[in-house]
2 protein chains.
Amino acid sequence: MAFTAPVSEQRFVLDTVVGIDELAATERFAAATPDVIDAVLEGAAQFAAGEWAPLNRVGDTVGARWTPDGVVMPDGYRAAYQAYVEGGWGTIGVSEEHGGQGLPFVVQAAVLETLGSANMGFALCPTLTVGAIEAIEHHGTPEQQALYLPKLATGEWTGTMNLTEPQAGSDVGALRATATPRGDGTFSIKGTKIYISFGDHDMADNIVHLVLARTPDAPVGTRGISLFLVPKVRADGSLNDVRVVSIEHKMGLHASPTCVLSFGDHDDCVGELIGPEFGGMRAMFTMMNNARLNVGLQGVQVAEAATQKAVDYARERVQGARAGAQSAIIEHPDVRRMLLRMKTQTMAARALVYYACGQVDRAGMGDAEAKDRLEITTPLAKAHATDLGNEIASIGVQVHGGMGFVEETGAAQFFRDARITPIYEGTNGIQAADLVGRKLSLSNGGAFASLITDMRAEAQHPQLTALVDACEAVGRRLQTADADDRQAASYPFLTMLSVATCGWLLERQARAQGADAVKQASVAFYLDQIVPEAMGLEAAANAPASQLYALTADAF
Amino acid sequence: MAFTAPVSEQRFVLDTVVGIDELAATERFAAATPDVIDAVLEGAAQFAAGEWAPLNRVGDTVGARWTPDGVVMPDGYRAAYQAYVEGGWGTIGVSEEHGGQGLPFVVQAAVLETLGSANMGFALCPTLTVGAIEAIEHHGTPEQQALYLPKLATGEWTGTMNLTEPQAGSDVGALRATATPRGDGTFSIKGTKIYISFGDHDMADNIVHLVLARTPDAPVGTRGISLFLVPKVRADGSLNDVRVVSIEHKMGLHASPTCVLSFGDHDDCVGELIGPEFGGMRAMFTMMNNARLNVGLQGVQVAEAATQKAVDYARERVQGARAGAQSAIIEHPDVRRMLLRMKTQTMAARALVYYACGQVDRAGMGDAEAKDRLEITTPLAKAHATDLGNEIASIGVQVHGGMGFVEETGAAQFFRDARITPIYEGTNGIQAADLVGRKLSLSNGGAFASLITDMRAEAQHPQLTALVDACEAVGRRLQTADADDRQAASYPFLTMLSVATCGWLLERQARAQGADAVKQASVAFYLDQIVPEAMGLEAAANAPASQLYALTADAF
């Protein structure tokens, strides 16, 4: 059975978790009427199922290929991307001023979810363009905005993010790419960047590379970094001096070319500064924070797709008997448990990511509380939703039995594709460090305290309230713990707080008008069975770093 | 850095968990002196590192290939297999009577662990031969034993297990392959079998297929199944009528050809009965129970290999700073947590599997209590150790960051290879069903009660004793629960009981003479941080099946 976007679930989450009606009541998002939202979700569902889902497998088996003339996408991708551009699917979340539809970020996220469930590797391309748009919208000059945003909005041009270098991964401050003034206001860019998703391809007329580099005499570390815009094709139509050195041979996500890009091999790579000199980290975070949410969204994408495939298989596969009668495996208790877990955890991931995305829209209108909430939920959404995407894809393989290990079935592709999501856009360990480092102390601890307060005000299930209490206690302790102890506890704490947040949002859904039997049963399962698992992490979240260092590095 | 077998850890586990000295004190295993064990472990370590590990990557990238003349292994495999045969590595656990060295099954397991850590796909071939040997040793006639066992012991011939058919996977009773008497005591075999690992290859002179089939007028279901031996090459040197139809295109384990075999296309496939007619299930369980332990062992194999690779990478990769100084990532608390988890969970998996393997040796000498213990720990060893193998391989990818998703690094291969282990030889769900079905009630519940009693007698850590108590309570409840409730709780219960068992065996190790700092630190981490996680499963293990059926199959 083909992929079907979960439109009514998406709509329900927008209503109950995001409060889309509140957003639509603002001047900025007046266009987001219920009819428009329905039309967008339905339209995206049809488009994704019809145009992108059928290309998912060839994206995996053939994949993007490097040639001396650049990266070539598999057959069908160019046309399907053109259909995306023509359908206006890229313009959803871009402001009307810059050629977009001016709908909320969270609605754009719902569309990206649908596209990515149909074809995750493909959907990474517009996901990156969204990041480039954000950076230029917030930090570009009016001229830069006028030149680049309309083309990026439609998707006629695509965007990339160029941060990583071989010696500078999680430690972005170690980067060495240089930007030398050319005397005309532009810069000459030189350096090598790795892991550049869609760093090259043949689907768009131009590619807008956003590149972190150092100007001459810049301070060391992150303070000396600036952001530059380097177009593949310059304004005069000439090719810029950017070369694809190679593409990676990856475990999954084969439709997405992961490039090594060399800038300025011939000292003729022209870039322009985006934002102020040394403002690179700030601009990068603009681009990256929302990109982190969109990677969390990839967790939702793969979770939904894997769940649908596993449910279909379990309904059709007859094996063994229950209560004396031959039955499809969906009738067997342990298979049922796996499927319900998949379905419920998918709901949890979606609730968490949509919730955070909704805060982008609120924060964008100056809501300071929403900005805090966005900051503290971003690492949860990125890390926990991608962890769930991986867990769910793995259960999907298991439900298929031997067929899950055979590539033709497709369950294996989800499992392989999903594995990058806890790694890129800041590893999940980096997210956990961000949570216990910057986010717990944000607004003097107010961002954390207000999340706890909101959860406590609504949470009713005894296991959930116990988890909220435990999160508060651990979080408060970590606020004053030393750096090592904080980080040692960071990952278990991140998972506890994520599950608490998901439980809170799911319980709210179950209480809402229109919650159907599927929702009720799924939420009950989550609260009764999954929330207690998170309590099992409390010991680790309270353990000191000294336990990790009882063993020397040499002794491992 | 190349793979190095953990010889001293293997030896320590044999001493403290298995009680190898007790086995060596028996007449049957008098050969298992400390010197011999050391020589075997050391020799296997050198052989595996020198001959098999270097072929791991080509096994993945080139893999076994199907040709019209049969399956061809990648370059180097034939010679490396020949070296295995000449080194006598297959003969370790086979009785001296049949050309073996007469060492304990658990010592053979240690050797297989080493071979499989070096090259898991390759090691599956001798693993299957072990299963064939067991079946023939227990159920074959003296003539069959004399004909087949010496060649299987050396590995000159290899063995396969042919159970699964397209409609008969977990439900083996649904199989349809037929065996018709030919009037001379032999049978004509006809049918198609799928997922036959090493069903064909070019490394040995003959392949001994053990095939489940039905004789004419056999009862339906499992009661009507008999086991047949079908050699690839018949005694007169002619080829038997067995054809490789295709091999699967799998996510991992590419060095292991997974064949579809067609028996009797030309009505000329000759097989001989092993054991009595209709004794197929019993013979299959002989072969399969130990095969289950050997699959659990694959969890240990991949865990050890993935851990070593991740530790090496984390020591070398410099990124970011700790306490103000640039450092290798192994110094960062969250990376440290991942590595310690990998190391500790590998120890846990090894303790569990070796312990169960030791019971094979004790049970084989008529120890009824050991037989019960073997029965109840087999599903734990198979399911939990393979779950751990997957978890650890996944953490290994994570430690590598972006490099983990790039195939050249090798971390991805472990992740892909490991994924089959929770599926084959009875899915882990089937193991859980076996635990709560057959095993909890074994010996009127005595097998379970005695395990709890033994754990309680030794366990000291408060979290561990709490977990043992919880396991006892859940297990007792499940003994009288109805089938659906039992199965609904089966998987969380299996994990709880497995963690309790691992904790018990690890705590024993930490107390033992010779326990070094690595062991102490690892065990402390396990007891303080991992055991409590298992307590988080108690709610799920006590939840009724009705929660899973609150949603109809259509509503998913």
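1. A quick word on terms: helices (H or I, at least four residues) and strands (E, at least two) are DSSP runs, numbered from the N terminus. This is a predicted model, in which local features need pLDDT of at least 70, side-chain atom pairs count only at pLDDT 80 or more, and totals for chains, interfaces and linings use all residues. Residues are numbered from 1 along each chain as its sequence is written, chains are lettered from A and ligands numbered from 1 in the order in which they are written, and side-chain values use heavy atoms, leaving out hydrogens and water.

2. In chain A, an unreviewed UniProt entry assigns "domain: Acyl-CoA dehydrogenase/oxidase N-terminal" to residues 43-156; UniProt annotations may be inferred rather than shown by experiment, feature names are shortened, and positions follow the numbering used here. That span is 64% helix and 5% strand, with its end C-alpha atoms 20 Å apart.

3. Do have a look at helix H5 (residues 77-86) of chain A, where Tyr77(A), Ala80(A), Tyr81(A), Tyr84(A) and Val85(A) are buried (under 20% relative accessible area; exposed is over 50%, partly exposed in between, with a 1.4 Å probe and protein chains only). These residues lie on the same side of H5(A), because they cover an arc of only 150° around the axis, taken from the directions from the helix axis to the C-beta atoms.

4. Turned away from that buried side are the exposed Arg78(A), Ala79(A) and Glu86(A). Among the elements covering the buried residues of H5(A) are helix H3 (34-52) and strand S3 (157-162) of chain A. Gly88(A), with a positive phi near 75°, follows H5(A).

Definitions and conventions:
Contact means heavy atoms within 4.5 Å.
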